[in-house]
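Dear colleague,

Here is the structure we spoke about, handed over for your own work. My notes follow below it.

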Amino acid sequence: MAQLSVPTVDYTQYSNRQLVAVPLALLAVALLVIGGWYLLTGAPANLGLEFVGGSEIRIDDPGGNAAQQIETAFSAEPSSVRQIAADGTYILTFSEGAVDTPNDRNQLSVLEEQAEAAGFSIQASSSVSPSFGANTQTIALGGVLVAFLGMSVLVFVMFRSIAPSVAVIASAFSDVMLPLAMMNLLGINLSLGTVAALLMLIGYSVDSDILLNNSILRESGDFYESTSRAMRTGVTMTLTSIAAMAVMTVAAYLFGIQIMTAIGIVLVVGLLADLMNTYLLNVSLLRWYVNRGVKA
Amino acid sequence: MIEKLKSNWRLTLLAVILLVSLFVVFSPTMAPQTNVGGENATTEERLTNLQYGLDLAGGTRIRAPLIGMTAETVDIGDESTTNVAAAVAGELPDSDTTDVSVRRGTLNGPTVEVVDPDVSESEFGDALDAAGYSYGSIRDGLTQETRDEAINVIEGKVNQAGLSGASVQQVTDGTGFFMLIEVPGQDRSNVIDLIEQRGNVQIDIYHENDDGEYVTERAVLTQDDFASISNAQQSDAQTGPRVPVSIRQEDGIAEQFQSTVVETGVAQQGGATCRYEENPQNTDPCLQLVVDGEVINSFGMNSDLAASMRNGEWAQSPSFVLTTTSFEEAQDIAINLRAGALPAPLAIDQGTTSFISPTQGENFRTDSLIIGILAILTVSGVVFARYREPQVALPMILTAFSEVLILLGFAAYLEYPLDLSVIASFIAVLGTGVDDLVIIADGVMAEGDVSSRRVFSSRFKKAFWVIGVAAATTIIAMSPLAVLSLGDLRGFAIFTILGVLVGVFVTRPAYGDILRNLLTDR
């Protein structure tokens, strides 16, 4: 088994400005991407079925020329078709209103009938109405905001001084924004699973930040000693989580379990961002705070 | 021995809780009772007492709002609620009294609700004004009483249809209320067919009036007028598929029906032959079976029954047969009559539906087990690679794993249905759990040997402060999801929070005990 040793960084070689440059630049890029997305599409991310409405059907592999059969079976073109590696099933997504629905019938009901008529066997199906999706958007946004504010208040109460609290909150903010921007660039849709993951990320991200702050501000030893001690622990923690989540993401993707894939991928990207933010952004803010008044 | 247990009480507590959890999960004595509609419930032989949600067992979930508006604090004086309903319905263009319901004693004073989707808010207001009732305000949505009634009716329908293990509840997204209906093992279309219709069954009479014009006398019999409803019967030589029923004799209901049938000519001498389907402008009077405003079947009356109606004998034992055109229809009618009509239509198009086939559910069950095992192996691998000392790493992995076991115990005890999102939360908890154990281990072993208990416990406390704050943050971050019962993420949030609590109060302190025993001399 490979030995896992956490590398020690010689922070004395870099100025605070150099340290924060990378995370701040990445955060700026992320905010640009998210802002640009908002301007272009009216939403900060690619909204998935749960937020905009639509229908989804998972069918067994019909055998033969599947793509051809799927195309002829339905009266509308699916907005996406994906085959699941583990069992060969196909997941088809249709945007709301794509299918002509006589007599106010539910779109998914029509699609299910077309699928059955074509001899497909339906393994799973789901539909979300646009109005319900719009509601979900508001609530999800509200939930993330409330969670973030709650976390900020808690951090302030715990540290009772501004700079360390801001350091923690800033890096948590960046931990949430970077995966969001990454999802846009990778073409991953925002779903309920990803929202849960973003909330989880707030919890995970604060872990290592608090460890760092605590080690530097409340424990004995000089700044660099404390930092490397916290880093030894923190990096181990984060790597453990990343490993667990990466495995979950890959396996869930192969099995076609979308909610776990979504949670996993956001956490992997977010935790990577957290490594950077904690040990570049947070460290330098703390170093400035500890040495304030002392001319460097 | 006792001394030892005492000084390691945290470890002892963990052991006890673990045993209890294992007992709850595996002991057949703790097996859950079957829920609603147990008739067809099959008690399979199962290894554990865990309940599986729709994701993992297969079935249909429908989340939909009830359509309707409520006028609050309506001034209806002492007037009877039926009169008020009739007056308001009379002022609305196409609404029946079944579309209007009036209640006293709700939280917001007397209320009037309209459940006809074609009525706009201003039309409703105008109708109230025209009928002479002043009101406080009109809002979207219905009263709690009506929603409760709807839950009862849907449960009744599901039970009558013999679908076992179904659950019906009300959830809110903060802006409005939704009915959440979960039926294991059923196709989506079956469930929708069952609940989509309000199921308002009534009998109309189609006949010629004195001027020779054909008119329909509405709602001669309604849902409440039936005393007993037999099972639907297949068609045979004499009659088609049918539901035998009897009419209530109280309040002269049977007699009134009898006289209406005689007056309109359905019970004419020699009976009536209904030709409504072929030639509505040239037919004997007909009885019409109407469901949700739609004529299901029209039928006449044979001469024997007509004769007993004419001489008044029928009302002494008022049994009656509702004939339909198909057996399925007869079954639906029987279900609707027994369960009653939904007080408001469900707007399935404004909600969500999801269906998982039982085979897919079974696959997901195996898949998520594999993912869980892979996650545990990965975490173990990383921890071993980092510490290289089995005496530190092994207890760490066992402790983290025991958190998941305790959570499974909770799930079995609460009979909480396991879904994919709950499984995801187990993995997330495993992740945070190991994180915190790493903090404890590193914190305690950081500066050289920990030979004395005093040093140990001071370091442990320091490490625990970090864990406590991190746990509090996770709980705060997750609580919006746990409170808002929207979407499928409630389980994820609830079990993540539970896991964090179990970790902070039980398993992580116990890991401290283990480390202390390993590291200190005394």
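**Notes on the two chains**

In chain B, B:Q288 stands opposite B:S298 in strand β13(B). The model is a predicted one, so please read what follows with that in mind.

That residue pair belongs to a pairing of strand β12 (residues 286-291) of chain B with β13(B), which is antiparallel and runs over five bridges. The two strands are part of an open sheet of four, ordered β9-β8-β12-β13 in chain B, with antiparallel pairing. At the edges stand β9 (214-222) and β13 (294-299) of chain B; each has a single partner strand, so one side of each has no neighbour in the sheet. From one strand to the next the twist averages 30°.

Two helices of chain B go with this sheet. Helix α8 (residues 253-264) of chain B lies across β8 (201-208) and β9 of chain B, at about 165° to β9(B). Helix α10 (residues 327-339) of chain B packs on the sheet and touches β8, β12 and β13 of chain B, its direction making about 115° with that of β8(B).

**The contact between the chains**

The contact as a whole takes 65 residues from chain B and 62 from chain A. On the chain B side, the elements giving two or more residues are α7 (188-196), β15 (352-356), α11 (358-387), α13 (420-445) and α14 (453-483). The largest share, 17 residues, comes from α11(B). By class, the chain B side has 37 nonpolar, 19 polar and nine charged residues.

Two of those helices, α13(B) and α14(B), also meet each other. Their axes come within 8 Å and cross at roughly 155°, and the two are therefore roughly antiparallel to each other. The crossing is right-handed. Among the residues that meet are B:I439 and B:I440 in α13(B), and B:F456 and B:F460 in α14(B). The residues of this contact divide into eight nonpolar, three polar and three charged.

**Domains of chain A**

The domain assignment of chain A gives domain 1 (11-48 + 132-290) and domain 2 (54-128). Their C-alpha centres lie 37 Å apart. Five residues of domain 1 are in contact with six residues of domain 2. On the domain 1 side, the elements that give two or more residues are α5 (130-159) and α8 (223-255) of chain A. That side has three nonpolar, two polar and no charged residues.

Regards

Terms used
Residues numbered from 1 in each chain as written. Chains lettered and ligands numbered in written order. Predicted model: local features only at pLDDT ≥ 70, side-chain atom pairs only at ≥ 80, totals over all residues. Domains from an automatic or database assignment. Contact = placed C-beta atoms within 7 Å. Nonpolar A, V, L, I, M, F, W, Y, C, P; charged D, E, K, R; others polar. Axes fitted to C-alpha atoms, helices over the stretch in contact; angles between N-to-C directions. Parallel < 35°, antiparallel > 145°, perpendicular 65-115°, else oblique. Left-handed = near helix turned anticlockwise from the far one by under 90°. Pairing = 2+ DSSP bridges.
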